[in-house]
Amino acid sequence: MMEEEEETWARRWLVDITRWRPSPAQFDAATALLPPHERPAIARFVEEDDRKRALVSRLLPYSLVHQVLGIPFHQITIRRTDEGKPYLQTEIATFRNFNFNASHQGRYVGIASEPVCLVGLDIVSISKPPEETFNDFINNFSSYLTEHEWNCIVHAGSTNKVLTEFYRYWCLKEAYVKAIGAGVGFGLHRLEFRHVDWTNISICIDGKESRRWKFWLFKLDEMHLASIAKGYPEDVVNSYKKTLSNLIIEEEQLHAILETPEGGFLLRTVEQLSRLHH
């Protein structure tokens, strides 16, 4: 497999579900593109926006795998690890470490894929539950943050700035945990992020800085943020490790991948994802 080909396997797609207003028949047609075992998770939602998010977050991986790797829709098998991490089940060795990560919150559903290094994606909506006070909401999360992060958050300024600062840290932590395939039990307080005006973002894991990871933050609009984490394949948890075929990769190649700038997201429509099926 040519490295030039592999490089084209990296994708950053984003769907704005508020722009998709399907009729019941159109919604059912999009759902029918998915394998039967994926459909009950969509049907259990009552609110239309929740159902749209659930559908699009499941449709994105199939559409992406079909377009990027050329596997026919009906031959794509996506499984989940014990921790709930989705992965492409394949016997084709040339796909090596191809991995992807989807995320959704608010109006956006997104997916990121990489051919060699691990990738994690998290999308957040900058808001708090209406039934909670601002202080109660922020304090609920204090145990997931380090002292340094907490100080940065509470001294950010106005209420909105504090909320935005909190979500930046939260978004980065989630992207890392999702990239390594860890479950909800992973202690987010073990991760500390440092940055220069939210560029040159670095991570300390259990108090030690890691140079095996790079992070990016994106402002999708006034109310939504997204973060991308990219890192070394051998850092995955064991259940996810079994799904990758090439854990040991040359340091130079990984370094070059991590140093490649992130270009942001390509906006896709549900109609485009559905057309990929044909």
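**Entry 1: the rings around Phe 98**

I began with Phe 98 and Phe 100, and both are buried. The model I am reading is a predicted one. I then looked up how the two rings sit: the centres of Phe 98 and Phe 100 are 6.4 Å apart and the planes make 45 degrees, so I noted the pair as tilted.

An angle over 60 degrees counts as edge-to-face. I also checked where the two residues lie. Trp 9 is in the loop between helix H1 (3–7) and S1, while Phe 98 is in the loop between strand S3 (86–88) and S4, so this pair ties together parts 89 residues apart in sequence.

I counted on to the whole structure, which holds 19 aromatic pairs. One aromatic cluster is made of Phe 137, Phe 141, Tyr 144, Phe 166, Tyr 167 and Trp 170.

**Entry 2: charges over rings**

I looked for charged side chains placed over rings. The charged end of Arg 51 sits 4.3 Å from the centre of the Phe 27 ring, over that ring. Arg 268 lies over the face of Trp 13, and its distance from the ring centre is 4.5 Å.

**Entry 3: salt bridges**

How many salt bridges does the structure hold? I have 19 in my notes.

I took Glu 114 and Arg 12 from among them, with the closest N and O atoms 2.5 Å apart.

Next I looked at Asp 16, which forms a salt bridge with Arg 19 at 3.5 Å, N to O. Is each of these residues buried or exposed? Asp 16 counts as buried because its relative accessibility is 6%. Arg 19 has a relative accessible area of 59% and is exposed.

Asp 16 also meets Arg 107 in a salt bridge, at 2.9 Å from N to O. Asp 16 lies in strand S1 and Arg 107 in the loop between strand S4 (99–105) and S5, so the pair ties together parts that are 91 residues apart in sequence. Arg 107 is partly exposed, at a relative accessible area of 30%.

**Entry 4: the open sheet**

I traced a sheet of 5 strands, which is open and runs in the order S6-S10-S9-S8-S7 with antiparallel pairing. Which strands stand at the edges? They are strand S6 (118–125) and strand S7 (191–196); each has a single partner strand, so one side of each is left without a neighbour in the sheet. From one strand to the next the twist averages 30 degrees.

Inside this order I picked out strand S8 (residues 199–205) and strand S9 (residues 208–221), which pair in the antiparallel sense over 4 bridges. Ile 203 stands opposite Ser 210 in S9.

**Entry 5: the UniProt record**

I looked up the record last. In an unreviewed entry, UniProt lists residues 119–224 as "domain: 4'-phosphopantetheinyl transferase". Over residues 119–224 I noted 34% helix and 33% strand, with the end C-alpha atoms 20 Å apart.

Methods. Residues numbered from 1 in each chain as written. Predicted model: local features only at pLDDT ≥ 70, side-chain atom pairs only at ≥ 80, totals over all residues. Heavy atoms only, no water. UniProt positions renumbered as here; feature names shortened; annotations may be inferred. Helix = DSSP H or I, 4+ residues; strand = E, 2+ residues; numbered from the N terminus. Salt bridge = Lys/Arg side-chain N within 4 Å of Asp/Glu carboxyl O. Buried < 20%, exposed > 50% of the residue type's maximum accessible area, 1.4 Å probe, protein only. Phe/Tyr/Trp six-rings, centres within 6.5 Å; stacked < 30°, edge-to-face > 60°. Lys NZ or Arg CZ within 6 Å of the ring centre and 35° of its normal. Pairing = 2+ DSSP bridges. Axes fitted to C-alpha atoms, helices over the stretch in contact; angles between N-to-C directions.
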